[in-house]
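This note is intended for a colleague who is meeting the structure for the first time. Please read the numbered points with the sequence and the model at hand.

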Amino acid sequence: MKSMPSDVNPFAALMVTYIGAAIITAGIFVFMAKPANVAFELSKVNWTSVVLALVIVGLEVGYVFVYRAGWSVSTASVVANIGLACVLLVVGYFLYKENVSMQQILGIFVCMAGLILINL
């Protein structure tokens, strides 16, 4: 992402990337599922795949924008991964009724303190 030309539209670059990934994934899928089972396997896919696609595109375009803003590779990835982990903890609690321990809550505060220190 950091090496992406600055004058290319980020969505064009991501589109090419995802088309390539889709072709590779489709080939592996057909090989593993056997051609006779492809339609059956695809019928089991639900809305979560679409939401996951939106999230992945959001994350990837976010990386493009932070690199174009001048962030270093190491800082951007740490900030993104900490942010993602904190968001997933909250999503797990509210949507999936997962237990959140005091240790995890303390971990969020430690992560937030780390983000502050990284960005000073």
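1. Basis of the note. This is a predicted model, in which local features need pLDDT of at least 70 and side-chain atom pairs count only at pLDDT 80 or more, while totals for chains, interfaces and linings use all residues. Residues are numbered from 1 along each chain as its sequence is written, and side-chain values use heavy atoms, with hydrogens and water left out.

2. Helix α1. Helices are DSSP runs (H or I, at least four residues), numbered from the N terminus. Helix α1 covers residues 10-33, and its 24 residues reach 33 Å from the first C-alpha to the last, close to the 34 Å expected. The expected span is 1.5 Å times one less than the number of residues.

3. Ends of α1. Lys34 follows α1 and has a positive phi, near 70°.

4. Packing of α1. Pro10, Ala13, Leu14 and Ala33 are the buried residues of α1; buried means under 20% relative accessible area, exposed over 50%, and partly exposed in between, with a 1.4 Å probe and protein chains only. These buried residues pack against α2 (38-43) and α3 (48-68).

5. Helix α4. The end C-alpha atoms of α4 are 32 Å apart, which agrees with the 34 Å that its 24 residues should span at 1.5 Å a residue. Its buried residues include Ala76 and Gly92, and the buried residues of α4 pack against α3 and α5. Just after α4, Lys97 takes a positive phi of about 55°.

6. The largest nonpolar core. Which residues make up this core? They are Val79, Ile82, Cys86, Leu89, Ile108 and Leu115, 6 residues in all. A nonpolar core is a set of buried Ala, Val, Leu, Ile, Met, Phe, Trp, Tyr and Cys residues joined through side-chain atoms within 4.5 Å. Two or more residues come from each of α4 (73-96) and α5 (102-118), and α4 gives the most, with 4 residues. Leaving aside residues up to four places away in sequence, Ile108 touches Cys86 and Leu89; contact means heavy atoms within 4.5 Å.

7. The charged pair. A search of the whole structure finds 1 salt bridge, defined as a side-chain nitrogen of Lys or Arg within 4 Å of a carboxyl oxygen of Asp or Glu. The side chains of Glu41 and Lys44 form this salt bridge, at 3.1 Å from N to O. Glu41 counts as partly exposed because its relative accessibility is 29%.
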